Amino acid sequence: MITSTILQHNGGQQSVNAVLFTPELARIIEVKQLTALEKVFTIELPKGKSLGHRPGQFVEVSALGVGEAPISISSSPSRSNGTFELCVRMAGDVTGALHRLGPRDRVGIRGPFGRGFPIEKFRGKDVLFAPGGLGLAPLRSLINQVLDERAHFGRVVILYGARNPSELLFKDELQQWAKREDVELHVTVDRGDENWTGNTGVITTLFPKISVYPRNTVAVTCGPPVMYRFVLMELLGKGISEGNIYLSLERRMKCGVGKCGHCQINNVYACQSGPVFAYKEIKGLEEAL
Ligand SMILES: Cc1cc2nc3c(=O)[nH]c(=O)nc-3n(C[C@H](O)[C@H](O)[C@H](O)COP(=O)(O)OP(=O)(O)OC[C@H]3O[C@@H](n4cnc5c(N)ncnc54)[C@H](O)[C@@H]3O)c2cc1C
Ligand code: FES
């Protein structure tokens, strides 16, 4: 009896693992080159299945025969239309192999995994977005979700920084956001070129341009690790509380589901408890920032 219970238990565990570790074979519908290093892939799961994600979550994408990489979901659930989008920077083996794929090619998808942004807590509040570089990829999902439910939010302010004009992502969408009267968009680049007429300087140079009502503001930031300390200083300096500042932490991930320990930050698994955290939750973790 005990043995059969254990077998049943192990069988249950095996089937849970099978679901977590077996990729769905998905199809690339479209590939758009955004910059020299970044492409956006539109992907469709089999049988019209919906990914069912929340902004801030990620998937494990496999380039078949090469390996897997965690990639944030860049499209918003409100625009899913049976497909989802991933913005992939060519960095190494897996992302390089993904960049060689085109429409109709297959990729493996596991997920969505991780804890996304608690958008329900943002309703009724002003939302300040501060993405840097590739950090716009996950925040775009949340920004478009907020814009699709615009009436439920207060002011929407976006401060976006990239290293130079050629590295700005989603330029078409930036133009659309800039035209909207209900969005305040400020863009900066570390170094301009001969055609650049906008702000020059790191993302923190944009903060003096905006006013914030701290008690009613939620801030969301995502970008290279070096950016966080300085952006956090600005956000806290504006009086936004630690519980109302959210950031997405990228760590080396392997399983994506809390089994391998690769993503551990002190005693926290970033793949499960994150990648989205309120600053209040991680400020005591010395390995977090
Ligand atoms: C939660 C999460 C979300 C992510 N979202 C995106 C996304 O939306 N778009 C995107 O392009 N990338 C994203 N990444 C980073 C992406 O997972 C790595 O670039 C990818 O795993 C590299 O794999 P590779 O085999 O191509 O490169 P590798 O050959 O493994 O490595 C190439 C280079 O990339 C560096 N690298 C590998 N993994 C990471 C990492 N996690 N963070 C920083 N540097 C790394 C290595 O040190 C090496 O210098 C995300 C990572 C995480 C953890
Ligand atoms: S990636 Fe394996 S535990 Fe987080």
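Reply: This is a predicted model. One place to begin: arginine 229 lies over the face of phenylalanine 230, at 5.1 Å from the ring centre.

Me: What makes arginine 229 count as lying over the face of phenylalanine 230?
Reply: The charge must be within 6 Å of the ring centre and within 35 degrees of the ring normal. Arginine 229 is at 5.1 Å from the centre of the phenylalanine 230 ring, and it lies over the face.

Me: How many aromatic pairs does a search of the whole structure find?
Reply: The search finds 2 aromatic pairs. Phenylalanine 58 and phenylalanine 113 form an edge-to-face pair, 6.1 Å centre to centre with 65° between the planes.

Me: Why is the pair of phenylalanine 58 and phenylalanine 113 called edge-to-face?
Reply: Ring centres must lie within 6.5 Å, and planes over 60 degrees apart count as edge-to-face. Here the values are 6.1 Å and 65°, so the pair gets that name.

Me: Where in the chain are phenylalanine 58 and phenylalanine 113?
Reply: Phenylalanine 58 is in strand 3 (residues 58–63) and phenylalanine 113 is in strand 6 (residues 106–113). They are 55 residues apart, and the pair links distant parts of the chain. Both phenylalanine 58 and phenylalanine 113 are buried.

Me: Why is the pair of phenylalanine 122 and tyrosine 246 called tilted?
Reply: Phenylalanine 122 and tyrosine 246 are 5.2 Å apart centre to centre, with 55° between the planes. Stacked needs under 30 degrees and edge-to-face over 60, so 55° counts as tilted.

Me: Which parts does the pair of phenylalanine 122 and tyrosine 246 tie together?
Reply: Phenylalanine 122 lies in helix 3 (residues 119–122) and tyrosine 246 in strand 12 (residues 245–248). The parts tied together are 124 residues apart in sequence.

Me: How do you know whether phenylalanine 122 and tyrosine 246 are buried or exposed?
Reply: Buried means under 20% relative accessible area. Phenylalanine 122 has 0%, so it is buried. Tyrosine 246 has 7%, so it is buried too.

Me: Why is strand 8 described as largely enclosed?
Reply: In strand 8 (residues 156–162), 7 of the 7 residues are buried, so the rest of the structure largely encloses it. Val156, Ile158, Tyr160 and Ala162 point one way; Val157, Leu159 and Gly161 point the other way.

Me: How do you know that strand 8 pairs with strand 7 and strand 9?
Reply: A pair needs at least two bridges. Strand 7 (residues 126–131) and strand 8 have 3 bridges, in the parallel sense. Phenylalanine 129 has isoleucine 158 of strand 8 as its bridge partner. Strand 8 and strand 9 (residues 184–189) run parallel, joined by 6 bridges. There, leucine 159 has histidine 186 as its partner.

Me: What makes strand 10 and strand 15 edge strands?
Reply: The open sheet has 7 strands in the order 10-9-8-7-11-12-15, with mixed pairing. Strand 10 (199–200) and strand 15 (276–278) each pair on one side only.

Me: Which strand gives the most to the lining of the largest cavity?
Reply: That is strand 7, with 3 residues. The lining includes Asp126, Val127 and Leu128, as well as Arg155 and Thr217. This cavity has a volume of about 50 Å³.

Terms used:
Residues numbered from 1 in each chain as written. Chains lettered and ligands numbered in written order. Predicted model: local features only at pLDDT ≥ 70, side-chain atom pairs only at ≥ 80, totals over all residues. Heavy atoms only, no water. Phe/Tyr/Trp six-rings, centres within 6.5 Å; stacked < 30°, edge-to-face > 60°. Helix = DSSP H or I, 4+ residues; strand = E, 2+ residues; numbered from the N terminus. Buried < 20%, exposed > 50% of the residue type's maximum accessible area, 1.4 Å probe, protein only. 1 Å grid on protein atoms, 1.4 Å probe; cavity = no way out; pocket = protein on both sides within 12 Å on 5 of 7 lines; lining within 4 Å. Points joined across faces, edges and corners; volume = space filled by probe spheres on them.
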